[in-house]
Amino acid sequence: MQKNLPTIEKPAIDLLKILNDWNLPAVTQNLESDVKALQSAQLNNGFAVDMVFYGNPDIEKQQQILKWIKPGENIALPDISSGKDGEASVSYEGMVVQYRFLPESMAGIRQAGGMRPVWLIAVLCPGSASHDEHLKQIAEDYAAIMLLNTDEKNKWSDELLQSVSEQCLFAKITNSQSGSFDDFFSPATHAEQNQLLKADAGISGLETVAKTISLFIEKEERGTKGKKAISQQKLIKLQNSGLGDQLQELPSKIKNLINQQLGNLDRGINENLVEFFKPKTGEYYNKAKSIADKITDFEEIKKSKIVELVIPPQIIKEFVGESHRMIYQLIINNLKSAHDTFAIIEKEIEKISSSTGISIPVISFRAISDHHAQSILENVIDIDKPYSGELSIKGAYEYFMAVRKYQMLFFMMASTLGLSFLRNLMVVTIPITLGLLGFGIYNVMISVEKERKDKTEKELRKARESLMNEAKRISTEISRQWGRYVSDHLRSESTHILDEIERTLKSISTNQKKEGDEEKKRLQRLLQGFEQTERTTELVKRNLASWQRLLAKTRNDIKIAFYKTTENPPL
Amino acid sequence: MKTGIDLGTTYSLISHVGHDGRAILLPDHSNKDIFATPSVVHIEENTALVGHLVEMLMEEKPDMKVLRFFKRNFGIDKPFFYDSNNHGWYPEAISALLLKKLRFDAEHFSGGNIDGTVITVPAHFNDLQRKSVINAAALADLPLLGLVEEPVAAALHYGVSHKSHDQVLVVYDLGGGTFDVTVLSLDDKGVYVLAKDGHTELGGKEFDEKIGEFIIDRFMRVTGSEPELNAYTLLQLRKISEEIKIELSLPHVNYLKKSVLLDNRAIELIINRRDFEKSIHEAIEQTIAITMRCLDEAGLKEENIDALLLVGGSSMIPYIRERMRKIFTGGHQKIFYHEPMKAVAYGAGIHACQLSGDAEKYDLPPEFRGITGYNIGIRTINPVTRKVEVDVLIKKSMPLPARAKRTYYTTKAEQNRIVLDVVQMREKDNLIQVGKLMVGPLPNPSLNYAVEVTLENTEDGIITVSAYDPNTGVELEQSFNNNPEDMGYLVGQHKLVQETIINNLGI
């Protein structure tokens, strides 16, 4: 390499420093490789050339062009007419030139970074249209441009040459029928110029790396902006969050809910009991009465002088059985209502939990015990004061004594009437006695029977009443014991649940505040990080802008140096 | 505050008419320089991101699921997306999130509350699609004043800003996702639609895709490999394609040189406008054909048109202007671009004013009269031929509101119910089912029991149906399974929308 000629070394080193300071491994590593590749390309002996075909060369023109590239060289051109591109390496006096053959549609399209082509050879063939504008677009990418005519009819214009000359170091129109490419860059003759052309191409390469950095910066900025916006909004939301208010209102909300529901349940159960056991209209009363009405006879236990009367056992059994069955059913219904109410409360609490976003622990009410209910039933449903009645047995003596009563009555009356002497007259006393005896027996028989009947009826009434009293006792006891048990249970559950919820909410509040504070700190740290990233990016942008000004200066130096070389000898 | 919303396939905007009678756009709450909200949504658990935030977040999460172009699914009765809790989101619900965000922006900027809004629809939207828009507003709890067709909104804005009188106008609206063409007459009394036509799946999106294909092709040829097409890369590709399309639309730009970053690799490109125009030529010619068909339907020729209004970002492509110049060759004809990306939103704000009775207050044209976009009728079986036919009650291009009656009869003595299939159609074989009207049980079923059906196409272009006893005038027991209130699936959608927090804003 010639000394004292401007090179891309300093700009390349400066750009590497910028990339190093930026330090985004995924991005900067690749770009650093690109810069280093450009540095090496400067030191290499060879360079790259883009040969762009405007229009389609026929076979004859292709042969001309190949000869112009280098006579005798074995190169195959790609099928340009079908939009294909191709490559070839050609050696000129030991210097390797890498050709890329391109149709117009692929010109100017390349991967950013990497070794830049130094030369553009624009080949004008028949069938091309509006090529000038396209060429002006791509001209600035090259250090030197050759406008190659292939026939007399289609020629590049001088205006175009003038225009592209302003964009590169060297431009010329020539034709493929005379001369060859190495007339323009011979390593021996044009060493300094070639070096400067390569340097200029290197500058173009560095510029595309800088453009790529700008694209990555834009991407970085967008990403940071987005993340920052999202974090800021999260922070605002946290700061304005009404979570604290919600937590404070929640216990009373839930308390009202529970009290209302359990209150309704308690009232409902008690009303149900009252209705069930209501005298005259209640279901239990009616059933007990219907069973009591079945007592139409007694079971008699004959004793020596009395007949003990008891209610037939099957009726007692029916009474106890039905009482048990009905009251148990009532209790089951109450338990179901309780269960449903608990489920409603649990669901409502769940709803409150999800609508407020506050995680209330799963609430489970303890069920009202069926076992306790059974125990109440067993204790209460029985015959507490069994009915017991009796009837006296009438023997002959009683009959006789009854008769004797009438006899005595007759003689008392006779005595009162002064007819007591009649007692001594057998003819009077015997028939009277027999007559009275007969009447007395008849009378006693009827009245004893009637008396017995009446007494039995009375006892039956007593027995029924006794059974109804049992029913009443059972009603009172069940209402009292079961009703109280339910109320106590609900009260205890309500207290237990509310205490649990309050404890939990307090803990949630404390945790959430703690988490909220931690989250706020985390977001604030994130935001600080984003701001730091923004500052770094801003610095990279500023450094890149300064670097680009220096790069422009280097390019200018190369231009001046190149023009100096053209004074002697001219190309 | 009354507002107008341009609910676009790719961008949405919101406007209202200020105290000075001019329509203004309301900006994004976080950036007063941004007026257009990208119609994109990302849904995650109980939160959603809407608009620019989605695109920003994609930088960090390239593979995140982004919902876009859901407007094209209006009228389709199935979810557009299932979230992580397996809840199905219908396009109406996703749009509702977008509407809520726009509402927030407007109320934040103005300090007022929206108590009525007009939402735009493409002119050729059918009944189901319009009802979807109405449902979207309901899901967002946005009080809806009515719908307005996009070309009409643009014409309103043009008419107001140019103080134009007695003109016949063609509005060529080529937006991001749809194409509409409308022929209208405009005077100081109002705006009257004469004919309309369009295509639901033709818009700038298709043009961007052509450019995207070009970029990927060149990328592969230059790098030797395909870019990884995750959601973020596709977003970048779409944005770059849109930028290129816009830049190629600038005057005197025939070639565009661009550095493109895709999949973390940069390539340099040159794009030729001629090649781009070639790639979209077929699509443009399709829009021209539709335009000519529309003129025909209005009974007009090119020379009868006073002005051509180009609306929608994609209408700025110079090739379209060139083609239009060749068609509308009369010297008096003017081709206008009047704020093509914003005109529809402005017009929607103006229409909101009209509907709330404030038109005169602001010196706006007071009246608007649209036309039916489809033939509407009942699908029946011809008793003689036994073939399925459509009994057209309301014809295409009738002024709105349009109403027609027809009497139908039972065919069996014991028939106590009549089921009528209401359909819309443009062409003979292209039937769109609107819904089923079920009339019954009939009070006294008998053979030839008469049922009078009234079909109405309202000012919003919505179809309503009712059935009466023609002898007594009493309304019969009936249900129409396409009334917005009857769409049971929307109950769940409302809950989904309400429980979703948008952009961490607490809305």
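## A three-stranded sheet

What is the strand order of the open sheet of 3 strands in chain A? The order is β8-β9-β10, with antiparallel pairing. Strands here are DSSP E runs of at least two residues, helices are H or I runs of at least four, and both are numbered from the N terminus. Two strands pair if DSSP finds at least two bridges between them. The edge strands are β8 (299–302) and β10 (389–392) of chain A, each pairing on one side only. From one strand to the next, the twist averages 30°. That angle is taken between axes fitted to C-alpha atoms, in N-to-C directions, on a scale from 0 to 180 degrees.

Strand β9 (residues 306–310) of chain A is joined to β10(A) by 4 bridges, and the two run antiparallel. A:I306 has A:S392 as its bridge partner in β10(A).

## Basis of the model

This is a predicted model, in which local features need pLDDT of at least 70, side-chain atom pairs count only at pLDDT 80 or more, and totals for chains, interfaces and linings use all residues. Residues are numbered from 1 along each chain as its sequence is written, while chains are lettered from A and ligands numbered from 1 in the order in which they are written.

## The two chains

Chain A has 12 helices and 10 strands. Chain B has 10 helices and 28 strands. Of the 571 residues in chain A, 29% are buried; of the 507 in chain B, 47% are. A residue is buried if 20 or more other C-beta atoms lie within 10 Å of its own, exposed if 12 or fewer, and partly exposed in between, with C-beta atoms placed from the backbone.

Contacts are pairs of residues whose C-beta atoms, placed from the backbone, lie within 7 Å. In chain A, 82% of the contacts with a separation of 6 or more join residues 24 or more positions apart. For chain B, 70% of contacts between residues at least 6 apart in sequence join residues at least 24 apart.

## Where the chains meet

The contact takes 28 residues from chain A and 25 residues from chain B. On the side of chain A, the elements giving two or more residues are β4 (110–111), α4 (131–139) and α6. The largest share, 16 residues, comes from α6(A). This side divides into 10 nonpolar, 9 polar and 9 charged residues. Nonpolar means Ala, Val, Leu, Ile, Met, Phe, Trp, Tyr, Cys and Pro; charged means Asp, Glu, Lys and Arg; the others, Gly among them, are polar.

Strand pairing also links the chains. β4(A) is joined by 2 bridges to strand β16 (residues 265–272) of chain B, and they run antiparallel. A:R110 has B:E268 as its bridge partner in β16(B).

## Nonpolar cores

A nonpolar core is a set of buried Ala, Val, Leu, Ile, Met, Phe, Trp, Tyr and Cys residues joined through C-beta atoms within 7 Å. The largest has 217 residues; A:A122, A:V123, A:A144, A:I145, B:A155 and B:L309 touch the most other members. Helix α6 (residues 191–240) of chain A gives the largest share, 10 residues. A second, separate core has 41 residues, including A:I327 and A:L490.

## A buried helix in chain B

Helix α3 (residues 127–139) of chain B has 13 residues and reaches 18 Å from its first C-alpha to its last. Of those 13 residues, 11 are buried, so α3(B) is largely enclosed by the rest of the structure. Among the buried ones are B:D127, B:R130 and B:K131. B:D141 follows α3(B), with a positive phi near 55°.

Technical notes: Contact = placed C-beta atoms within 7 Å. Expected span 1.5 Å × (residues − 1).
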